Amino acid sequence: MTNFKVPVWGYWLMGIGLAAFIGLLIAYIRKNRGFRRPIFASPYVLWIIVFTVIPCLLVAYFSFTDPQGNFTLDNFKTFWDSNYATRQSLGPDALKMYEDMGLSLEDLGLGRSSININTLVFSLWMAFLCTAICLLLGYPAAHIMADREFRLGPTLVILFVVPMWMNFLLRTIALMSLMEDSGLINSILEWVGIGRQKLLNNTAAVQVGMIYNFLPFMVFPIYNVLNKMDYKLSEAAMDLGCDKWHVFYKVTLPLSVPGVVSGITMVFMPAVTTFYISRLLGGGKIQLFGDLIESKFLSTSLNEWNVGSALSLIMMILILLSLGLLNKVDPEGEGGGMV
Amino acid sequence: MKKLVSLLAVLVLGLSMLPMQNAFAAQEVVNLYNWYDYMDETVFDLFEQETGIHVNKMYFTNNEDMMVQVRVSPGAYDLVIPSDYCVERMIAEGMIQEINFDNIPNFANVIPALQTPDYDPDHKYCVPFMWGTLGILYDTTKVEEEVDSWSILWDEKYADEIIMLDSIRDTMGLALKLLGYSMNSLDPQELKAAMDQLIAQKPLAKAYYVDETKDKMAAGDAAIAVMWSGDALYAMELNENLKYVVPMEGSNIWIDTMVIPATAKNKENAEKLIDFLCRPDIAKMNCEYIWYSSPNAAAIELMGEDYTENATINPSQEVIDRCEFFHDIPDYIMTFYTNFWQQVKNAR
């Protein structure tokens, strides 16, 4: 925690600013007596500008500049070759000096290295696995919850929602102590006779944490679509001679595609940007792309912020691409997006 | 009339904009910038009772944050408690000023060896507050042999039972020590060798932790951990099977020290507080509160056997001699450190 104290005049300034804003708002409403609608969007627009648009522009600015503020593409070159920035910051003179000493770039550990790309590929793979497993687990769950003949459906919905009232970090930390060597799950395994397993601090543990955290984002979009689906359609299909499997295959499944696409995007996006879950459940040994970006910003080295911004920008482009895909398949937003 | 009212309004507005602290202008203050939870709070009440000087407390959690704050808010702090290698940089950058040791008679209580440390050879700038070492904490129920070397971290017998420290200087440093190099190595080849060692060790590591380590060790979830002496003592309080050792290859010894920023507004009050903190009874209170090693010989005498018999808090001279202070690493070498550390973190 840095120790920043707002000076007294700062409070005055903020107060005056707020008062002016409210005053302007009231004046505007009174002038346009009809309570024109766009005015009500203004707080939201202000919010978006301050906390989304400006930060995004800053990220873009940082990723195309060096620490001195000059335009450069070095940060993106660092994405392809993670030692590029280090070689640049050492400068040709220092590298020449080491070369004269008979040390090659490999001896210095500064040869071409694709750490960043490998990490991104690994993150994409983890996110793909997570999305696939969430779909396999989530679709049947959503289908059962939306089934009218299944009386416990609403109860199941509540059971899915209630854990989300708790912060995801707390839930992940709880998962961590459950999966610990001396934790509850291992105690049960030992009691059953399977014996204690190493559950924590490996890739599988991180995957479990991701699935656990993101499964609701798959279930609810699908549930939304299935729940809104006209029940008469399946009845009609049955009247026309479909058995249960064909009703699902020919009617329900095609109609639920927007929900599935929405669910896939909703899971894939946070999964590919995951960080911290990997630190908690991977014991600091497994680094995802999100962790990589975080470490760039926590580093004390000078140019790391710029490299971190470039990595973030690449990540954002990936997300925008997947959003674009969603809009193509589900232009009406039927999947419901956020729960 | 209207003019008078607006004049008054401006006056009231202007007055209220003056910082609140001016209300206490009569009272002497000292602005202390300290690590979080690092001193017994009653010490400050005693100081105010005896001297009438009020201590304004502000906190930081790591040296890098602190450096930035001291740089960007000149005059805000009168007394700061950085670690050794930061003192070196602060002296070089002119961020701190010389202390008038005539005002600090209790400085005589400081252990002579710590009066002239590497980072302040002429002892002009700083007074030590607490110190400690980096070492190995191990569980005697799981490790039967006598641990005396960093090489145990590379012993495959303990695969998945070793907790490493997620801290760049410390962990790169111990690998350097294992190879017989200095913890302050400036040679890229040595650093690369240290990285290769750590990457080779990684499959054996259960995890890379900082704050979680002490609780995991106390709970018996691992056999061996790399740890600082203070955290080790905390875990040993909770689990009597734990033992702490500073490996024979040598390790890091660190000192947190009291320094006065060049921009301090209340230098004399800061010196009074330093002197007060060096008084044996006060140093004893602080030491018993956080259980790091005290640099205060008179306070150690007061604490008696509780302190002197505890090898973790009171390592022998032989242990201290094989330890090394961290020095400030120049930026262009630090890029090697961060780059290699990143490769260790990324290895699978």
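The questions and answers below go through chain B and then some charged pairs.

Modeller: This is a predicted model, in which local features need pLDDT of at least 70 and side-chain atom pairs count only at pLDDT 80 or more, while totals for chains, interfaces and linings use all residues. Residues are numbered from 1 along each chain as its sequence is written, chains are lettered from A and ligands numbered from 1 in the order in which they are written, and side-chain values use heavy atoms, with hydrogens and water left out.

Colleague: What share of the residues of chain B counts as buried?

Modeller: The C-alpha atoms of chain B fill a box of roughly 90 × 45 × 40 Å along the principal axes. Chain B has 15 helices and ten strands, taken as DSSP runs numbered from the N terminus (helices H or I, at least four residues; strands E, at least two). Buried means under 20% relative accessible area, exposed over 50% and partly exposed in between, with a 1.4 Å probe and protein chains only. Of the 348 residues of chain B, the buried share is 55%.

Colleague: How far apart do the C-alpha centres of the two domains of chain B lie?

Modeller: The bounds come from an automatic or database domain assignment. In chain B, domain 1 covers 19–131 + 255–314 and domain 2 covers 132–252 + 324–346. Between the C-alpha centres of domain 1 and domain 2 of chain B the distance is 29 Å.

Colleague: Which three residues supply 41% of the area that domain 1 of chain B buries against domain 2 of chain B?

Modeller: Buried area is the accessible area (1.4 Å probe) that two parts lose on being put together, summed over both. Domain 1 and domain 2 of chain B bury about 1300 Å² between them, with 57% of it on carbon and sulfur atoms. On the side of domain 1 of chain B, the 41% comes from three residues that supply more than any other three: B:Y85, B:R89 and B:T312.

Colleague: Which residue does B:R89 meet in a salt bridge?

Modeller: A salt bridge is a side-chain nitrogen of Lys or Arg within 4 Å of a carboxyl oxygen of Asp or Glu. The count between domain 1 and domain 2 of chain B is one salt bridge. At 2.8 Å, N to O, the side chain of B:R89 meets that of B:D328.

Colleague: How many residues apart in sequence are the parts that B:R279 and B:E50 tie together?

Modeller: The side chains of B:R279 and B:E50 meet in a salt bridge at 2.9 Å, N to O. B:R279 lies in the loop between helix 10 (267–277) and helix 11 (280–290) of chain B, and B:E50 lies in helix 2 (residues 42–51), so the pair ties together parts of the chain 229 residues apart.

Colleague: Is A:D100 buried or exposed?

Modeller: The side chains of A:D100 and A:K96 meet in a salt bridge at 3.3 Å, N to O. The two residues are four apart in helix 4 (residues 84–100) of chain A, so about one helical turn separates A:D100 and A:K96. A:K96 is partly exposed at 46% relative accessible area. With a relative accessible area of 57%, A:D100 is exposed.

Colleague: Which residues are linked with A:E180 in a network of salt bridges?

Modeller: A search of the whole structure finds 25 salt bridges over all chains. In the network, A:E180 is linked with A:D181, A:K198, B:K206 and B:K216.
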